[in-house]
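Here is a friendly briefing on charged side-chain pairs and some backbone angles. Have a look at the sequence and the model first, then read on.

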Amino acid sequence: MFIKRYLHDILIAVEAIIANRLKSILTALGIIFGVAAVISMMAIGNGAEQEILEQIKLVGVNNIVITPSSYSLSDGNGGESNGSGQPTAKNFSKGLTLLDVEAIKKIVPTVERITPVISFNYSALLNGISKPVVLEGIENHYFDLFNMQLAEGKRFNSAQIEKGLPVCVVGNNIKEQFFRQQDPIGKYIKCGQIWLKIIGVVERRDYTASASDELGISSSDNKIFIPVQTMLLRFKNRSLIRADEVLSANKGGGGDGMVVIYGGQEQTEEPVDTDNNLNQLDKIIVQIKETEQLNNSATLIKRMMLRRHSELYDFEVTIPELLLKQQQKTKKIFNIVLGVIAGISLVVGGIGIMNIMLASVLERIREIGVRQALGAKQKDIIAQFLSESTLISLTGGIIGIILGVVLSKIITAVFDIKTIVSAFSIVIAFGVSVGVGIIFGYLPAKRAASNDPVVSLRS
């Protein structure tokens, strides 16, 4: 009997909504746009957070990246000069070298893994097909530092690393471009003037365009990885550039190519360093055992490197994970602000429902009086008008959810911003829309129920 009685009130509310379709739609607009805003904003926030988490995986956990940097002898950071703007013997630095890697291994107790990285741009050639590639000299720890898995084959063994044998691990794009459906393991590919035997293929990884090189993030799909000793012995070792080339580089000159000495013989290589980089290494990547030790370890590495580099700041020490976590924190604050703004739009929508319902009560005083005269109690009138406001808000919430999902897809397609619509955001938006209808509909329902039947009928 209880359900039947209030079901009748709900049916009357539905009839009233249908009879005033235009007014009901306009009333629901605030809820529709409010819910859509909440879902789309939360989708953008979820997408941004997921993207940062993926970037943290790409840069590796607890990694410190040491890279070469230019320095000025006149700004107080470079030490002394001989008056002509060139470094003296007292403060001369050879840049990043393998000796720095060995020193970090021995001196810094918190080091878990470490690898040098040497990068050059080359052309890979096979069966008349030539493609530009990035050739990187690394150690096996590189794959662990960046959470890289091999889809096929294996990593370098100790003999290949120590002897600098011509072997390589290739990215997925290299396999697709040169070998297609063939198994590349055991086959050879020519890079520069050297034939390299393929022993492994890196698993394809999703790479976001917003991932920054300064954080050490780059796609591995178009790279050929070789042991660092192979790079130094068979390709190029910048630490063996002749003295006259160093002098020429310091004066801002330089020829069309670099003269490099391999085993006492001079060979001319095509220039691949557009920034006159004279460092033996392009990067040193250090993994620290615990996150809490990152800052202290970075400070210790910086001090040690300064001593080794004659107090010259010709390097930079970066902690990608901490930078990304700071960025994540900033985005979370931004997302909270967006959520609050979207929530305010829901409140505005609720106020709109309350205003329309109050106006509706004044227009329907005779209807209310007739129902009261026929025996309807105050709780019946409250149930009727509360049902109307809740149904309007509920319908607006459903339409808003659909619109919010569509908006998220449009944002991704048009602006290339990653969005993730979660079930949690839908439940929250739907629940809030229903709550808004109940809260802001109660006052008009209460006012409608408080009308005197006699006065209402006379009106």
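Partly exposed refers to a relative accessible area that falls between buried, under 20%, and exposed, over 50%. Glu102, at 37% relative accessibility, therefore counts as partly exposed. Please keep in mind that this is a predicted model.

**Salt bridges**

- A salt bridge here pairs a side-chain nitrogen of Lys or Arg with a carboxyl oxygen of Asp or Glu within 4 Å, and by this rule the count comes to eleven.
- One of them joins Lys23 and Glu363, whose closest N and O atoms are 2.8 Å apart.
- Lys23 belongs to helix α2 (residues 21–59) and Glu363 to helix α10 (residues 320–363), so this pair ties together parts that are 340 residues apart in sequence.
- Glu102 pairs with Lys105, with 3.7 Å between the closest N and O atoms.
- Both Lys105 and Glu102 sit in helix α3 (residues 98–107), three residues apart, which is about one turn of the helix.
- Like Glu102, which has 37% relative accessibility, Lys105 is partly exposed at 37%.
- Lys175 forms a salt bridge with Glu152, and their closest N and O atoms are 2.5 Å apart.
- This pair links distant parts of the chain, as Lys175 lies in helix α6 and Glu152 in strand β4 (residues 150–153), 23 residues away.
- Lys175 has 16% relative accessibility and so counts as buried, whereas Glu152 is partly exposed at 22%.
- Arg113, Asp144 and Arg155 are linked to one another in a network of salt bridges.

**Positive phi angles**

- As background, a negative phi is what most residues other than glycine have.
- Arg180 is not a glycine, yet has a positive phi of about 50°.
- Where is Arg180 placed? Arg180 lies in the loop between α6 (172–178) and β6 (188–191).
- With 58% relative accessibility, Arg180 counts as exposed.
- Asp416, also a residue other than glycine, has a positive phi near 55°.
- The loop between α12 (378–415) and α13 (423–449) holds Asp416.
- Is Asp416 buried or exposed? Its relative accessible area is 67%, so Asp416 is exposed.

Conventions:
Residues numbered from 1 in each chain as written. Predicted model: local features only at pLDDT ≥ 70, side-chain atom pairs only at ≥ 80, totals over all residues. Heavy atoms only, no water. Helix = DSSP H or I, 4+ residues; strand = E, 2+ residues; numbered from the N terminus. Buried < 20%, exposed > 50% of the residue type's maximum accessible area, 1.4 Å probe, protein only.
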